[in-house]
Amino acid sequence: MSDNNVYKLLELTGTSKTSIEDAVGVALARAAKTVRNMRWFQLVETRGDIKDGSVIHWQVTIKVGFTLED
């Protein structure tokens, strides 16, 4: 087997009322149920809902890299 890898990218959006980190975790945990060999992620976009001057909801879009199986 070679040390070279080929990665496929998957774009996901996760949400959380708690934090950006939690929103990333939500997206990765859900993807892990059906996607194997996830290796890394890249934060692409961060958004949030505001109510009465405070953040009430986070939404993040990430790209997840995973290796293709032989």
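1. To start with the term used throughout: a residue is called buried under 20% relative accessible area, exposed over 50%, and partly exposed in between. L9 has 46% relative accessibility, so L9 counts as partly exposed. Please keep in mind that this is a predicted model.

2. L9 is also worth a look for its surroundings. The residue lies in strand β1, which covers residues 7-16. Together with Y7 and W40, L9 makes a nonpolar surface patch of about 300 Å².

3. Now the sheet. Three strands form an open sheet in the order β1-β3-β2, and the pairing is antiparallel. β1 and β2 (38-51) are the edge strands, each pairing on one side only. From one strand to the next, the twist averages 15°.

4. For T13, the bridge partner in β3 is T61.

5. How many salt bridges does a search of the whole structure find? The search finds two. In one, E69 pairs with R36, and the closest N and O atoms are 2.7 Å apart. This pair links distant parts of the chain, 33 residues apart: E69 is in the segment after β3, while R36 is in the loop between α1 (20-31) and β2. R36 counts as exposed because its relative accessibility is 55%.

6. The salt bridge between R47 and E45 has its closest N and O atoms 2.6 Å apart. R47 is partly exposed, with a relative accessible area of 26%, and E45 is partly exposed at 39%.

Notes
Residues numbered from 1 in each chain as written. Predicted model: local features only at pLDDT ≥ 70, side-chain atom pairs only at ≥ 80, totals over all residues. Heavy atoms only, no water. Patch = residues over 30% accessible without salt bridge, like charges linked within 9 Å, V, L, I, M, F, W, Y side chains within 5 Å. Areas by Shrake-Rupley, 256 points an atom, 1.4 Å probe, with all protein chains shown as cover. Salt bridge = Lys/Arg side-chain N within 4 Å of Asp/Glu carboxyl O. Helix = DSSP H or I, 4+ residues; strand = E, 2+ residues; numbered from the N terminus. Buried < 20%, exposed > 50% of the residue type's maximum accessible area, 1.4 Å probe, protein only. Pairing = 2+ DSSP bridges. Axes fitted to C-alpha atoms, helices over the stretch in contact; angles between N-to-C directions.
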